[in-house]
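Please read this briefing beside the sequence and the 3D structure. The points are grouped by topic, after a few lead sentences.

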Amino acid sequence: MKLELKNISKNFHGVKALQNVDFQLKGNSIHALLGENGAGKSTLVKILCGVYQPDSGTINLNNKQQIISDPAVSLSLGISAIHQESVMFDELTVTENIFIGNHLTKSNGLIHWNLMYEKTKQLLDDLEANIEPNEKIKDLSIAQRHIVQISRSLIHDADIVIMDEPTAALSQKEINELYTIIRNLKNQDKSIIFISHKLDEVMEVCDDFTVLRDGQLIKSDKISNTNKDQLITHMAGREVGQIFPKNHIKIENEIFQVRNFYKKTQFKNISFNLRKKEILGFYGLVGSGRTEIMKSIFGITKPDEGEIFFKDKKISILKPSDAINQGIVYLSEERQQLGITGLMSVKDNINMAIIDKNSNFYIMDNLKEVKNAASMQEKLNIKVSYWSQLAQSLSGGNQQKTVISKWLSTKPEVLILDEPTKGIDVRSKSAVHQFMGELVGEGMSIIMISSELPEILGMCDRVVVMYRGLIKKVLDVKDASSEQIVKIASGEE
Amino acid sequence: MKKFLLNRDFILFVIICIGLISVGFANPLFITPSSISDVLTDTSILIILALSQMIVILIRAIDLSVASNLALSGMLISLLSTVHPELPVYYFIALSCIIGTILGVLNGVSIAILKVPFIVTTLGTMSIYRGLIYFVSDGKQVYSSEFSENFLALIHFKFLSLSFLFWIAVAVFIIIYILLNHTRFGRNLYSLGGNPDAAKYIGINENKYIILAYSISGLFAGLCGYLWVARYSVASTQIAIGFELTVISACVVGGISVMGGVGTVLGCLLGALLIGLIRNALPAVDISQFWQLAISGAIILLAIIINTKTEQRKEKTVMVQE
């Protein structure tokens, strides 16, 4: 056994984040660590990284008991983590990010830049990554950043690599490349702890799994002894019925149309329409221009050319408030940076976009605000203890629901959702899907960008497939197969 | 090549040259070698303090107490020189550095251990250190006649007709250049400022670096305490009042981001030189003192606008097939 955690417990102000959890990692294996948001996965990872100390329990590494008192100890024991949040240094070069905290020095104690550069180049060549060692991290794509993080673990000669949702923001092609790298790591006798919400990939990549729920160990076994449905049951603690509660709603007439959108270097010839009560999917690789188009429609960026028609009338959207006034809203993919105001209360977040409607002669009407927040809270089932609770203290799923409430408060007719379920757990996901079904039932039309095919196939009526800034095809989901969509999106058809 | 021309440090260098030439047209006396040498001497203390302030700004903090620290260290060694004129000059320099470092450590401990926000801490110590000068000197000045010959021995030293102060500034530049670019300590300062959370994960002890950064800032403030007092041959409660703002301006103009983790040592030097040039050139071309402040302020604002414009992320491009 390479790593063995026994009876690990951790409390935060009386909240039991982990209770007597055992975890065993074999050498030379890929181990999935599963659980809904808040199940205790991050706490466990942070204990391994030395960020938190367990209140009780022991950690054995290669059959020797260890105390991981701080992150430096964790690194020196050969544990390296690739975190979900950015733990890169945007302003520093690739080389320096790889060697960070472990700079090579010459005999006189000064940093050996040339040697570091050479080693980085060698390493990136070995990984067949097309990254220049002198590039700054801020100029890299998300997939390239992951590769830099992996390189960092390799340089530190890590024995155990922890990957926290490494594929969350990657396209299918990049994901496949990452799988290859992960399997190579395994073949080099390293062990990988793999955290993911995507069960398909867990089934595909991993050897073993451990499921946590509410801070407790639920099940640990070989992947070959289980299946997806069982895993979902373990994680959710109940049978999750239909994952995509698509209601059969009669689609009405065209309500919204985009004609000939063009923006230099971003997208070209973008024309599509949206019908009332329809869910229109946008599928494509990350970076295919989906988000850029939506931002232009919403007035965040200006397209060079193009027209928008709404209810058969040409409208002009120069800034987001124009779009909101027309009844078109956009929910950003980056909810942490662009959607949620962490230091404001949940109530204020929900009411943020309708300050005008909630005030009488410029004075806020608190009652109206509470009423609106309460109706939204009930509708979306946001788990909030009290109205002044800060939004940042909510879990990812509840934050997402809060952002959705904010925009629904404006009573939109066209809702643009950008990766609405990225990085949230199975249960919250299904709640968001359920809700989307209800919204179209009430007469709303939805455009949904998603990189998850099952979500597209399960939720949408039609799907627009994009490749490199162009609309390649618009398919009726009824007649589309996932293979066909992937092919088009990767430019093969 | 294009990248090089758009380089911030290069642009700053060009601005300094243009400034120097245009002032030269208005007042040819200003660009004689001796006059330029005077400007450099005059700017040396600013350079030293800007470079040490840069270390603090890199980790997303600010040290407002440097000018008070300088004045207090300077006053203490001046008082000592009136009592013990026989002590050699190195003694005074070393002592001034030690006093400055102690004052810097106090800042660091307050911020890192007592968790008092840096702005509150250094705003407080700015007043405390300044107040202590009244306390130790009874509000009196130490006049030029009271300094011993030993005390002023080095300040008139010249090499290649450039002053002692200038060569000290050159030495400090080299030391800090190596420190920030070629030592683990320096690189870790960049990581800590660039992304404090991530720095924690790679095992950087934030508190240690905060205390060290403020110690270095204090050390050089102490050194400048000696330099200032010796150069102007006067120590009083009023010396260098408000100078911390000039120092911070020099850093900002030099492209040291107050958001932390960004900025080059060369840029910082150029920033200090530009501010020094403005301070010396405006009187030389007969601009009234009231306008001088306004013009300095406008230039600082301009620098910040340039900073934010150039720091803006490049828009990611999606290749469109043409």
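What is the mean pLDDT of chain B? The mean pLDDT of chain B is 85, and 94% of its residues reach 70 or more, pLDDT being the predictor's confidence in each residue, from 0 to 100. This is a predicted model, in which local features need pLDDT of at least 70 and side-chain atom pairs count only at pLDDT 80 or more, while totals for chains, interfaces and linings use all residues. Residues are numbered from 1 along each chain as its sequence is written, and chains are lettered from A and ligands numbered from 1 in the order in which they are written.

**Confidence**

- For the complex, the predictor gives an ipTM of 0.74 and a pTM of 0.70.
- Chain A has a mean pLDDT of 82, with 91% of its residues at 70 or more.
- Within chain A, confidence is lowest in helix H11 (residues 335-339), at a mean of 59, and highest in strand S20 (residues 445-449), at 92; helices (H or I, at least four residues) and strands (E, at least two) are DSSP runs, numbered from the N terminus.
- Over residues 313-322 of chain B, pLDDT stays under 50, and the model has 24 contacts beyond four places in sequence for them, a contact being two residues whose C-beta atoms, placed from the backbone, lie within 7 Å.

**Contact between the chains**

- Chain A brings 32 residues to the contact and chain B brings 24 residues.
- On the side of chain B that touches chain A, helix H8 (184-194) and helix H9 (196-201) of chain B each supply at least two residues, and the largest share, five residues, comes from H8(B).
- By class, that side of chain B holds nine nonpolar, nine polar and six charged residues, where Ala, Val, Leu, Ile, Met, Phe, Trp, Tyr, Cys and Pro count as nonpolar, Asp, Glu, Lys and Arg as charged, and the others, Gly among them, as polar.

**A six-stranded sheet in chain A**

- Six strands of chain A form an open sheet with mixed pairing, in the order S6-S7-S8-S3-S9-S10; two strands pair if DSSP finds at least two bridges between them.
- Strand S6 (79-82) and strand S10 (216-222) of chain A are at the edges with a single partner strand each, so one side of each has no neighbour in the sheet.
- From one strand to the next, the twist averages 20 degrees.
- Strand S7 (residues 160-164) and strand S8 (residues 191-195) of chain A pair in the parallel sense over five bridges, and Asp164(A) has Ile195(A) as its bridge partner in S8(A).
- Helix H5 (residues 142-155) of chain A packs on the sheet, where it touches S6 and S7 of chain A, and its direction makes about 175 degrees with that of S6(A); axes are lines fitted to C-alpha atoms, for helices over the stretch in contact, and angles run from 0 to 180 degrees between N-to-C directions.

**Positive phi in chain A**

- Asn20(A), in strand S2 (residues 15-25) of chain A, has a phi near 45 degrees, a positive value in a residue other than glycine.
- Asn269(A), in strand S12 (residues 267-275) of chain A, has a phi near 55 degrees, also a positive value in a residue other than glycine.
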